[in-house]
Amino acid sequence: MTEQHRNTAAARGRMVKRAGAAGLAVAAAAGLGLAAAGAAQALGSQAAATAAPTCKTSDLTASFGEKLGGGMSHEGVVLKLKNTSGHTCNLRGYPGLGLEDSGHRTLGSSVHWGDTYYAQDPGKKTLSLKNGRSAEAVISWTHANAGTSEARHAGYLQVTPPANTTHKTLKLPTWVDHGRLEVTALAPNVPLG
């Protein structure tokens, strides 16, 4: 091989390496651009959720879904909070609960946030509730001591949405041992079982 052919071959090799490096640089930049676009979209969704106001008690209707039984003196119900405000609002966390007797007088009660007899706790997550959409939580209690001093004879359940100080009242005629209620965090759907 002559000196001229060696220089030409070396020059071609350098050009191929440069082209390959340039191609890798373009691919890397494109990949970073896609990753940045994905991150921006995720942040945009998160920003939209945080831009919505917190759901006020007056923005929501409260109702019971499925009634839960199953023996061993356990009872429960699925609580539903529906956004009827006309706009999107956010909910995060656990509903506050309290018991009232049939005359709407407050009864002594306590609430445990977390797993219940019927469902595992989905944990606190910010829920962006569009108008007409619902969130749910699962409530449970025991009633083994019906009619004793260790039980509260409830007539109603007070439901306070997270980050609120006013409540909704739902009819709930039942006995509750020690006035103790268990409730999961609110979620779009809380699987039972």
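**View 1. Glu136 and Lys80 meet through their side chains, in a polar contact of 2.9 Å.** A polar contact here is a pair of N or O atoms within 3.5 Å; within protein, one must be able to donate a hydrogen and the other to accept it, and residues adjacent in sequence count only if both atoms are side-chain atoms. What you're looking at is a predicted model, where local features need pLDDT of at least 70 and side-chain atom pairs count only at pLDDT 80 or more, while totals for chains, interfaces and linings use all residues. Residues are numbered from 1 along each chain as its sequence is written, and side-chain values use heavy atoms, with hydrogens and water left out.

View 2. Helices (H or I, at least four residues) and strands (E, at least two) are DSSP runs, numbered from the N terminus. Is Glu136 buried or exposed? Its relative accessibility is 8%, so Glu136 counts as buried. The cut-offs are under 20% relative accessible area for buried and over 50% for exposed, with partly exposed in between (1.4 Å probe, protein chains only). Leaving aside neighbours within four places in sequence, Glu136 is in contact (heavy atoms within 4.5 Å) with several residues, including Val78, Leu79, Ala185 and Pro188.

**View 3. Now for an open sheet: four antiparallel strands in the order E5-E4-E9-E10.** Strand E5 (106–107) and strand E10 (168–177) are the edges, each pairing on one side only. Two strands pair if DSSP finds at least two bridges between them. In a regular strand, side chains alternate between the two faces of the sheet.

**View 4. Zoom in on strand E4 (residues 96–100) beside strand E9 (residues 151–160), an antiparallel pair with five bridges.** Which residue of E9 is the bridge partner of Leu99? That's Leu157. Glu100, meanwhile, stands opposite Tyr156 in E9.

**View 5. E9 also pairs with E10, again in the antiparallel sense, over eight bridges.** Look for Ala154, which sits opposite Thr174 in E10. E9 is largely enclosed by the rest of the structure, because eight of its 10 residues are buried.

**View 6. Stepping back, the protein has one helix and 11 strands.** Starting from the N terminus, the elements run α-β-β-β-β-β-β-β-β-β-β-β. Of its 193 residues, 34% count as buried. Take the contacts between residues at least 6 apart in sequence: 77% of them join residues at least 24 apart.
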